[in-house]
Amino acid sequence: MSIINRKIIFTGPVGAGKTTAIAAISDIKPITTDEYASDMTKSRKPQTTVAMDYGLIRLSENERVHLYGTPGQERFDFMWDILTKGGIGLILLLDNTRKDPQQDLRFYTNAFRDFIEKKQLVVGVTRMDMQRKPGLAEYRQWLEGLSLQSPVFEIDARSHKDVTMLVQALLFSLDPGVTH
Amino acid sequence: MLKHTKTGPLKVALLSISPHNRAILEFFFAGAGRNLFKVVTESEADVLIVDYDHPGARDEWEKRAHSGKPGIVLSVHSVDIPNGIWIPKPLTSKALTEAANQASNMLVAQPSVSRQVDALASTKETEPLPSAQSLFGSLSPQPFGVSSTPSKKLRSLVLNLTEDEEEDTTPATPSVPVVETVFDPAENDISMEEIARPVEPSIPPEVAERRWRELCGEHEDVHNPSAWHLEVMLFTPENYLLTNILDALRLTRQADEAVQINLPNGHFALLMPSRCQAYCTLDTRSDEFSMLCNNPVQTGQVTLHIPSSAELNQLQTQAEENQSGLQDMEAFVWVISLLTSRGRMSRSIDINQQVSLKHWPNMTRLEQFPHIMRIAALWNQRPGNAFEIAQALDIPQRYVFAFYTAASTLNLFEMDQTKLKSREKEKPKEESRGLFSRLLKRLLGGGRK
Ligand SMILES: Nc1nc2c(ncn2[C@@H]2O[C@H](COP(=O)(O)OP(=O)(O)OP(=O)(O)O)[C@@H](O)[C@H]2O)c(=O)[nH]1
Ligand SMILES: [Mg+2]
């Protein structure tokens, strides 16, 4: 029986809530992939280890949705392999208490631009409970300025319900005909 | 330069190598050199790589001399040994590339070794080495917006591994995409600890359904509406609290100041633009609030007021002490629109006009009703009127009408006919739809398995 692997990627600046969001919906306790570096050397495969967060939702015996959190790096070329094999879409988390969330939005949407064009982006703004401004209206304007029409919601990364909403928006954007 | 086209990547095994040089090699093998070298077990290898400066490395190499396999020897000093190719340190991708070519030439010159090796490595078929063009192809997919085709020159594949390389005239090009193979847990079996997530208590279905009736009404679908139908389907916003709220909203945005809305029976609401929040002394889920929204208001029953800073301090303190009365300002306007319209559309808009959803409402913070996500998603992707959206999704019209009213109140629609365009994606395959649907079921089932 062949296994179907699909992937959802969480990205965003340091502390935006990527690990927390993955933990909120994963079946397993999120791990960091570099802990598995030693296994990797044993297999002698020429692979680079990158400290990504990883979580998993098992839908059935042969269907899995893998959740990845990107590390805080400047470039994400290394994600290409992972994204091209079963990537569903990108969830960008932005921390509303950071100095320049608009700059963060610009940076991450640019870094993943081609993937976003092919698939789908949804944006979650975290820590709005700590700082209300900028508001969602600003984020919408910024997205429009970047010619993106992605959903943007206020979320608390600790909330299963909020993170689920982001995933719902992602899936329905890809296929409004999905039923549940 | 990358000219050994007879076989696939050179099968190499790594003997003793310092961690630093090993890291450089692995980096190169996973990236620019992935089509030149392939690391395999020693018995499968055609060529051995050894770090001659590493303790014990010379012995290790000598023990293997009888195998006849060529060696690529890394060292800071010149090394001249039979069947060996010296690469001076620090390592460069250029030197590694040349060594790969030299080693394959040596293998061709010693067919006995190759045959013996081929027999050993019997299971894996050797892939033909891609042409220069397809080599580019494999390096150029660049999903992240960095220029996708770096240069038409083959040389640009050669990446400087060290900064101080002199002979190589190719400038260090950080923009050359290095496609690395990253350890992917999806493709490895790793042990994982299950999370026990408490099941969140869900609202009983009859309670949820009652609320949906308050928000979206109970009207049956109408097709080809008659004048009588229109009477039922449409409402006049000017008769309701909604209009006062919209006036307050305009005022608060223009003045960038908090606005107090005095409601009947001593209740009030406060719009606070500085924090995009609204405070209301009436519970927006109560019957009293629902009736207030859904019954016409008399002139003078509701008044607006800009509080002085002293008043505002006092009101805000009150709000802080009653967190349950505080909510997102858009969510407040949203629920009032819904309670007012109950699945009807405003008489002041053209119900047949094509519109598309320019911005998604803040779904996580506002009251939900059935199909809301699908309505938003479809309307965000393609223009249509409310009837068409309901038909396309095959859902009751009242939910689409409710969405239309509430999202228009928040100005989320694109009404400019010249800016409407369809952004519908290609229809996903059925298998994705099944998987998406199972994923949603799982997530919405409270996180249980
Ligand atoms: N108050 C508040 N805290 C939040 C929210 N979202 C996440 N947090 C907290 O923020 C902290 C950082 O979250 P992480 O999940 O570690 O962030 P990350 O994006 O993985 O950060 P890095 O791995 O360092 O890049 C955690 O303590 C979370 O509980 C939110 O909406 N409000
Ligand atoms: Mg993290």
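**Close-up views of a two-chain predicted model**

**View 1. S437(B) meets chain A.** In this predicted model, S437(B) is in contact with V178(A), T179(A) and H180(A), leaving aside residues up to four places away in sequence. You will find S437(B) in helix α15 of chain B, which covers residues 430-444. Is S437(B) buried or exposed? Its relative accessible area is 13%, so S437(B) counts as buried, the cut-off being under 20%.

**View 2. W379(B) in the largest nonpolar core.** The largest nonpolar core holds 99 residues, and W379(B) and F403(B) touch the most other members. Zooming in on W379(B), its contacts include V355(B), L357(B), I389(B), V400(B), F403(B), Y404(B) and F413(B), again without residues up to four places away in sequence. S356(B), G384(B), N385(B) and A386(B) are also among the residues that W379(B) touches. Elsewhere, 32 residues form a second, separate core, with I9(A), Y108(A), A111(A) and V125(A) among them.

**View 3. The largest pocket and its lining.** Here is the largest pocket, with a volume of about 1400 Å³. Its lining is made up of 39 residues, and those nearest the centre are I203(B), A208(B), W212(B), Q368(B) and L444(B).

**View 4. Helices around the largest pocket.** Which helix gives the most to the lining of the largest pocket? That is α6(B), with nine residues. At least two lining residues each come from α7 (160-174) of chain A and from α6 (205-216), α12 (372-381) and α15 of chain B. Helix α15 of chain B is also where S437(B) from View 1 sits.

Notes
Residues numbered from 1 in each chain as written. Chains lettered and ligands numbered in written order. Predicted model: local features only at pLDDT ≥ 70, side-chain atom pairs only at ≥ 80, totals over all residues. Heavy atoms only, no water. Core = buried A, V, L, I, M, F, W, Y, C linked by side-chain atoms within 4.5 Å. Buried < 20%, exposed > 50% of the residue type's maximum accessible area, 1.4 Å probe, protein only. Contact = heavy atoms within 4.5 Å. Helix = DSSP H or I, 4+ residues; strand = E, 2+ residues; numbered from the N terminus. 1 Å grid on protein atoms, 1.4 Å probe; cavity = no way out; pocket = protein on both sides within 12 Å on 5 of 7 lines; lining within 4 Å. Points joined across faces, edges and corners; volume = space filled by probe spheres on them.
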